[in-house]
Amino acid sequence: MSRRFVVRHAAPADAPALVELGRSVGAEPEGWLIADSTWREPGDERRYLRSLRRYEGAAVFVAEGAEGIVGRLSIARDSHPASAHVADLGLMVASSARRRGVGTALLEAAVEWGRGLGVCKLELHVFPHNTPAIALYDRFGFVREGYRRAHYRRGREYVDAILMAYEVGSRG
Ligand SMILES: CC(C)(COP(=O)(O)OP(=O)(O)OC[C@H]1O[C@@H](n2cnc3c(N)ncnc32)[C@H](O)[C@@H]1OP(=O)(O)O)[C@@H](O)C(=O)NCCC(=O)NCCS
């Protein structure tokens, strides 16, 4: 079945749609993301996306369907030279567009991007209660590397996170 969306690099003009996506996924009661509904403002988002044009160590990919932007993956490689072969990512898909392969396609774009830069390892943090995301990462080939207790603060509480990683091979 052909995809009903395309994956591409985000452009500064995508800022309002990306803020809306971040706010709506962040506001879901399950608390999937580190961010809650208070996402950055469109102007800051636009500036960040613009800055990526001059910096090759980070990227934002979007999935776009007929209804607009339905997914986002942000990725940045480690700034320390000793771990510059590692890149950390964050992912979200609009609730209306889940289970259609969007998350998988965005992860594939991240692998391609990493491979092009000589990044060997992708890593991410996921909350232990986020069984949909863990299922996606397991199926994609991520492995658990650790369990980080009280690693993030959400509102007034500290929450645990699972650290997962994916080895970027030299071929597909
Ligand atoms: C997690 C998330 C990114 C998955 O995106 P998606 O586009 O629905 O994922 P895909 O369609 O590519 O799913 C691929 C596979 O992952 C697994 N999977 C995904 N969601 C699942 C769910 N809710 N329950 C069980 N398995 C699931 C399935 O194996 C699925 O394949 P299938 O649909 O053929 O069974 C999406 O649910 C989301 O954005 N959630 C809220 C934000 C979030 O949790 N982000 C990650 C933070 S670490």
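This is a predicted model: local features need pLDDT of at least 70, side-chain atom pairs count only at pLDDT 80 or more; totals for chains, interfaces and linings use all residues.

User: Let's start with two helices. At what angle do helix α1 and helix α2 pack?

Analyst: Two packed helices are described by the angle between their axes and the distance between the axes. Here, α1 covers residues 15–26 and α2 covers residues 42–51. Their axes are 8 Å apart, and the packing angle is about 115°.

User: Is the crossing of α1 and α2 left-handed or right-handed?

Analyst: The handedness tells you which way one helix is turned relative to the other, clockwise or anticlockwise. For α1 passing α2, the crossing is right-handed.

User: Which residues of α2 does α1 meet?

Analyst: On the α1 side, the residues involved are A15, P16, L18, V19 and R23. By class, this contact has 6 nonpolar, no polar and 3 charged residues. On the α2 side, the partners are P42, E45, R46 and L49.

User: Now for helix α4. Why do its buried residues line one face of the helix?

Analyst: An α-helix has 3.6 residues a turn, so residues three or four places apart point the same way. In α4, residues 131–140, the buried ones are A133, I134, Y137 and F140. Looking down the axis of α4, you'd see these buried residues line one face because they fall within an arc of 130°.

User: And which exposed residues sit on the face of α4 turned away from the buried side?

Analyst: The buried side of α4 has its cover, which includes β4, α3, β5, β6 and β7. The face turned away from that side carries the exposed residues T131 and R139.

User: How many aromatic pairs does a search of the whole structure find?

Analyst: Some of the rings gather in a group: ring pairs link Y137, F140, F142 and Y166 into a cluster. For the whole structure, the search finds 5 aromatic pairs.

User: Is the ring pair of F127 and Y152 stacked or edge-to-face?

Analyst: F127 is in the loop between β5 and α4, while Y152 is in strand β6, 25 residues apart, and the pair links distant parts of the chain. The ring centres are 6.2 Å apart. The planes stand at 85°, so the pair counts as edge-to-face.

User: Are F127 and Y152 buried or exposed?

Analyst: The cut-off to remember is that buried means under 20% relative accessible area. F127 has 4%, and Y152 has 18%. Both values are under the cut-off, so F127 and Y152 are buried.

User: Where is R99, and what is its phi?

Analyst: Most residues other than glycine have a negative phi. R99 is in the loop between β4 and α3, and it is exposed, with a relative accessible area of 86%. Its phi is a positive value in a residue other than glycine, near 60°.

User: What about A150: what is its phi?

Analyst: A150 lies in strand β6. It is partly exposed, with a relative accessible area of 41%. Phi is positive for A150 too, near 45°.

User: How far apart in space are G90 and A150, C-alpha to C-alpha?

Analyst: G90 is in strand β4 and is partly exposed, with a relative accessible area of 35%. Leaving aside neighbours within four places in sequence, G90 is in contact with R72, L73 and S74. G90 and A150 are 60 residues apart in sequence, and in space they are 19 Å apart.

User: What separation do the C-alpha atoms of G155 and A35 have?

Analyst: G155 lies in the loop between β6 and β7, and at 60% relative accessibility it counts as exposed. Along the chain, G155 and A35 are 120 residues apart. Their C-alpha atoms are separated by 9.4 Å.

User: Last one: which residues is R4 in contact with, leaving aside its neighbours within four places in sequence?

Analyst: R4 is in the segment before β1, and it is exposed, with a relative accessible area of 66%. Its C-alpha atom is separated by 23 Å from that of I75, 71 residues apart along the chain. With those sequence neighbours left aside, the contacts of R4 are E64, G65 and A66.

Technical notes:
Residues are numbered from 1 along each chain as its sequence is written. Side-chain values use heavy atoms; hydrogens and water are left out. Axes are lines fitted to C-alpha atoms, for helices over the stretch in contact, and angles run from 0 to 180 degrees between N-to-C directions. Helices (H or I, at least four residues) and strands (E, at least two) are DSSP runs, numbered from the N terminus. Contact means heavy atoms within 4.5 Å. Ala, Val, Leu, Ile, Met, Phe, Trp, Tyr, Cys and Pro count as nonpolar, Asp, Glu, Lys and Arg as charged, and the others, Gly among them, as polar. Buried means under 20% relative accessible area, exposed over 50%, partly exposed in between (1.4 Å probe, protein chains only). The arc is that of the directions from the helix axis to the C-beta atoms. Rings of Phe, Tyr and Trp (its six-membered ring) pair if their centres lie within 6.5 Å; planes under 30 degrees apart count as stacked, over 60 as edge-to-face and the rest as tilted.
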